[in-house]
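Trainee: I have a structure open and would like to learn how to read it. Please take me through it one feature at a time.

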Amino acid sequence: MVGSQVAPTGSGGAAAGYRPSATMPFGAEFRRQASRRRTQLALGFMVLLPLIILVAFQFDSGDDDGGGRGEFASLADLATSGGLNFTLFSILVSASFLLVVVVALFCGDTVASEASWGSLRYLLAVPVPRARLLAVKLVVALAYSGLALLLLAGTALVAGTLRYGWKPLSSQVSAELAPGDGLLRLLGVLGYLAVVLLVVAGLAFLLSVTTDAALGAVGGAVLLWILSSILDQITALGGLRNLLPTHYSSAWLGLLSSPMQTDDVVKGAISAVVYATLFWSLAFWRFTRKDITS
């Protein structure tokens, strides 16, 4: 027909110039999440916590051995003996619960919140491929989780060093370590914690694509982690405890011993990667097949 025009199309019938890999760039999503209040509060608290602990130590009355607090008091004494020890103490009091909550918040809220706001279907209508949307959101959530861990340790190291000095690292499982060696050990601890927390990230992310309630995804991941920790204390389970994702969560203490004990660290890392991969695979499988109505 004279004068009629047909819009050019690319491969697979897509509009010319359309590239799925160019949709929803990482930088745009990272900035978008940075503008959210929960991101700012979570990261801000990671900076504030070591400062709160530092101030709390200034009110030490010197009578911490009563009421069954002897072990904790000894840890507090080590914390005030140098910046490295203060950093180790901050990590120790945060690893079992606070960091779990923060990682669950970043990874559990990312997709479920879009569904609860009713914006998820509009993102897919851009069109952004489902797998790419999920991958970008996962990478951004992991980036903020890692940033939270670094902010906690970095703030504690700077504040502790300024207050208590750059001194050898001491712990209850090893002799004193030179500051340089102690710093490397702390970096190893942070690396192992980051790997272990991948289990929380995977579980929270799976729940996030399963439910439209962000609070349910975050809370569900934290509660399941706590349940696993409780079951791990039941010796009657025997060897079954080795299969729990929290069984090797404290294996990072072996990195502080002299010589280093890495057997449980390796087992814990493998277990965490397997669980995280399983949860993420289920999340992608579920999300690419579900009906998006919100």
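**Reading the model**

Mentor: Begin with one span: residues 41-59 are 89% helix and 0% strand, and their end C-alpha atoms lie 26 Å apart. Helices (H or I, at least four residues) and strands (E, at least two) are DSSP runs, numbered from the N terminus. This is a predicted model, in which local features need pLDDT of at least 70, side-chain atom pairs count only at pLDDT 80 or more, and totals for chains, interfaces and linings use all residues. Residues are numbered from 1 along each chain as its sequence is written, and side-chain values use heavy atoms, with hydrogens and water left out.

Trainee: Which residues does UniProt list as "transmembrane region"?

Mentor: The unreviewed UniProt entry gives 41-59, 88-112, 133-162, 182-206, 213-231 and 265-285. Such annotations may be inferred rather than shown by experiment; positions follow the numbering used here, and feature names are shortened. Residues 182-206 are 100% helix and 0% strand, with end C-alpha atoms 37 Å apart.

Trainee: What does the protein chain average in pLDDT?

Mentor: pLDDT is the predictor's confidence in each residue, from 0 to 100. The chain averages 84, and 79% of the residues score at least 70. Over residues 1-7 the pLDDT is below 50, and this stretch has 0 contacts (heavy atoms within 4.5 Å) beyond near neighbours in sequence. Where pLDDT is low, the predicted coordinates should not be read in detail.

Trainee: With which residues is Y192 in contact, leaving aside its neighbours within four places in sequence?

Mentor: Y192 contacts Y248, S249, A251, W252, L255, D264, V265, G268 and A269.
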